[in-house]
Amino acid sequence: MPLTRRHVLLAATATAVVATTGVPAFAATPAEPHFRIPVSPDDSPGELIAKASRVRPTERQLAWQSLEKTAFLHFGVNTFTGLEWGTGDEDPDIFRPTGLDTDQWARALRDGGFKLAILTAKHHDGFVLYQSRYTKHGVVSSSWRGGDADVLRSFADSMRKYGIKVGVYISPADENQYAHGVYANGSKRSTRTVPTLVDGDDRTGRGVPSYELDATDYGAHMLNQLYEVLTEYGPVDEVWFDGAQGRIPPDKVEKYDWDSWYALVRELAPDASIAVSGPDVRWVGNEDGMARENEWSVIAVKQGDNGKYGRVLPYNSADEGSREALLKAQPNAAALQWFPAECDVSIRPGWFYHADQQPKSVAQLTDIWYRSVGRGAVLLLNVPPDTNGLLPAADVARLREFRERTERELPVDLTRDARVTDDGAGTRTVDLGRPLAVDRIRLAEDIRHGQQVEHFVVEAEVGGSWTVAAEHGTVGATRILPLPAPVTARRWRLRVTQARAAVHIREFGLYKSQV
Ligand code: FUL
């Protein structure tokens, strides 16, 4: 694909990228599995559940779900004003993190066991942490480093140096652009060329790829920012679009150009999961880091504006994926979709740093880990840099202690050398060779075959008879179960007592914690 060729990204079909010749240039995601299966109100309950059993994650979602622990870094003008939601008219010169050390962030996150980190490249205030051609509300207007600073570059370089994947938070709501009459200005969607070159644009004549996409004035602004962030900072593995409006009055509504934004992300960052207000990752529904007791990665979705799909049932539903939940959602559902949950929570009460707040305890973080990763979701833990541009020492220590604690929760898989037998009908038995005390169980389905387990028991052979040690609903990508007390047994078995289709168990691990 010559770089100078102009492409039209067919907005409504993020996976179909067609060159101007009309010849399919390439598919962003070839041979997609059944990521989204249409449903109708006429489907019988049996048909509906059969469809749910056929939904599969994309490669991108598989990679994302395997990360388990990811980090958030909320950093921006709010760090200096003490606000959680900015105003968009802050003096950019307040942003002066004179001791910025993103390597320190990266080391702390690595030592905490985090595999990906997402930086607020732009929060609702519209202040950007990188050098943008499309706004002055950003590091360019701070006297810090003479306006030449680029926190996003420094962050991305440091994360990669320490083996951590890079994610970006780009707030759809933008108070600064609202103040400038761009956001929610009522402009019509029309075809825009992205990037839209500015006067004296350094990209002029460089033959950078350019795209034509439908957008409003503000939609085009977002596209240009996405273009900058996704072409100049190396590979990005998660793009986080939140759903909040910030301080913008609720009646000032900008109908976001989701289809065009998604299409551009797919084109420029094909490995990036688009989270929360995106098709790949579902907000779990609270900001406490808590997945549901039985969390499903297959849920019912309906179509929204401009190519956005979202959950059918309310975000705070206690159950989004059981048979009952799918049937309840069916009348309003367009499809069943693989939509794994992300559990976002801050290590401190606020998302941004506030000097008077303290990080959560190791016990609290461990509890969150059991209720997020332990329930098949991905944890997104926010650790906010302070006014110096450093992660506070207390938080750095806490991250390390948290990792050490979870390692002590599941120190050694006692089934390593066990004799394992599968009866082919949903029961896996392990013989440990001698009686061993167990108080933690880690299970996983091979989700390449979908999520199928609806009910299971783990039993231990105690005194010659099988005794239930744990009994739950879903397994999914991960299920980590603490037992109320250690159980000593030589033979253990996992019995799947209800499933939607053939079950593929990837992991049945037994542990004795050292806590
Ligand atoms: C929300 C925002 O309003 C909060 O400020 C924070 O960034 C949270 C993670 O997402 O939508």
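I begin with the domains, whose bounds come from an automatic or database domain assignment. I note that this is a predicted model, in which local features need pLDDT of at least 70 and side-chain atom pairs count only at pLDDT 80 or more, while totals for chains, interfaces and linings use all residues. Residues are numbered from 1 along each chain as its sequence is written, and side-chain values use heavy atoms, with hydrogens and water left out.

**Pocket**

I looked up the largest pocket and found a volume of about 680 Å³; a pocket is an open set of points on a 1 Å grid over the protein atoms alone, where a 1.4 Å probe fits, with protein on both sides within 12 Å along at least five of seven lines, and lining residues have an atom within 4 Å of a point. The volume is the space filled by probe spheres set on the points, which are joined across faces, edges and corners.

Of its 32 lining residues, Asp242, Gly243, Val276, Ser277 and Lys308 are the closest to the centre of the largest pocket. By class, I record 13 nonpolar, nine polar and ten charged residues in this lining, where Ala, Val, Leu, Ile, Met, Phe, Trp, Tyr, Cys and Pro count as nonpolar, Asp, Glu, Lys and Arg as charged, and the others, Gly among them, as polar.

I then checked where the largest pocket lies: domain 1 (32–58 + 298–339) and domain 2 (67–174 + 224–291 + 342–409) both give residues to its lining, so it lies between them.

Among the strands (DSSP runs of E, at least two residues, numbered from the N terminus), E14 gives the most to this lining, with three residues.

Key
Helices (H or I, at least four residues) and strands (E, at least two) are DSSP runs, numbered from the N terminus.
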